[in-house]
Amino acid sequence: MRMLGIETSCDETSVAVVQDGRHQLSCAVRTQIDIHRLYGGVVPEIASRAHVESIGRLTQMALDSAGLTLADIDGIAVTAWPGLIGALLVGVNFAKGLSLATGLPLTPVHHLRGHVAANYLAYPELSPPFLSLIVSGGHTSLVHVTGYTEFRTLGRTRDDAAGECFDKVARVLGLPYPGGVAMDALAQTGRAGTVAFPSAEVRGAPLDFSFSGLKTAAVNFLHNAQQKGQDFCRADFAASLMDSVAQALTGRLEEAARQVQATALVLAGGVSANSVLRRRALETAQKLDLPLYLPPLSLCGDNAAMIAAQGFFELSAGHIAPSSLNALATREIEDNEI
Ligand code: KG4
Ligand code: ZN
């Protein structure tokens, strides 16, 4: 079954074709980073407009590069939730129009389910059940994936997402948007543990996170240094921050793995590109003697191939959107109601 995937939840417009949820035939992406960098972050209204401009061209590009036409497609998958509402509406409305014009079934995909499914494209042997650590710009959760469309959240952030924390601190450091990427590069030559940060753990909730205290401490450190004219090693600062975040994430991952007796660990989301997190996750997996699946760097960020991959499993489970399908800014990953 060939699925056409459409992703417009944030600042990447993407259209892809995937066969049977496992084989990427094409993936066209137009990132808006160059546009939003001028403002230091995503401007929702501008994001929506840029999606409108690119989506038609990207659809044609994805079909052309797979050597296919719409007549060769069996279903359409679109990110319907969660995300920036105006941005999501562009993809959802485009997908609905395409479905109406072609008669192809349309299936809505949860963006974070898509991030998890990026791993199905890279690892043919990977199948549920497994434990996933999903870390993106807007979400940080530990999810027990018990089936392709069955999810159970074990823990989550109580406030900021890990990516949000990196992006905010990077902005104060004067690094370009998206800050997480720039800070990862800066951290390469730094020494972790040279700057101390508060814990991201939540007392009494062993699988939850809280990154706002850590973020505030990092921003205060920078403001203090600036006000007092104190010099500090930026690379050491970045390496220390990333390691604190990675340790919190992998500590909780280990705890959750023991709790559900996980048989495999899977990283997902934009922040899974982080070099420190990847290294720490590998250490955790070795300690627990479990296989670890890391999405390839090309599939960590937002893309439509992961949406088409998950879309295959959604459609196979009978999840078909009615013509009244609407986008939602928030939605739990376990919710299967359409
Ligand atoms: O999943 P994603 O592309 O978009 C959302 O669904 O939110 O994640 C974007 C987030 C941003 O916060 C970005 O700074 C972060 O992922 N990110 C990284 C790295 N690459 C992307 N954070 C740390 N290290 C990286 N290498
Ligand atoms: Zn994402």
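Buried here means under 20% relative accessible area, with exposed over 50% and partly exposed in between (1.4 Å probe, protein chains only). This is a predicted model, where local features need pLDDT of at least 70, side-chain atom pairs count only at pLDDT 80 or more, and totals for chains, interfaces and linings use all residues. Residues are numbered from 1 along each chain as its sequence is written, and side-chain values use heavy atoms, leaving out hydrogens and water.

**Zinc site**
- His111 (NE2), His115 (NE2) and Asp302 (OD) coordinate the zinc ion (ligand 2) at 2.1 Å; donors are N, O and S atoms within 2.8 Å of the metal (3.2 Å for Na, K and Ca), and with water not among the atoms, sites may look incomplete.
- His115 sits in helix α4 (residues 111–122) and Asp302 in the loop between β12 (292–293) and α10 (304–316), so this pair links parts 187 residues apart in sequence.
- Helices (H or I, at least four residues) and strands (E, at least two) are DSSP runs, numbered from the N terminus.
- Asp302 is buried, at 16% relative accessible area, and His115 also counts as buried, at 2%.

**Ligand 1**
- His115 shows up here too: one of its polar side-chain atoms is 3.0 Å from an oxygen atom of ligand 1 (polar contacts are pairs of N or O atoms within 3.5 Å; within protein, one must be able to donate a hydrogen and the other to accept it, and residues adjacent in sequence count only if both atoms are side-chain atoms).
- An N or O atom in the Asp184 side chain lies 2.9 Å from a nitrogen atom of ligand 1.
- A polar backbone atom of Gly270 is 2.9 Å from an oxygen atom of ligand 1.

Note on methods: Chains are lettered from A and ligands numbered from 1 in the order in which they are written.
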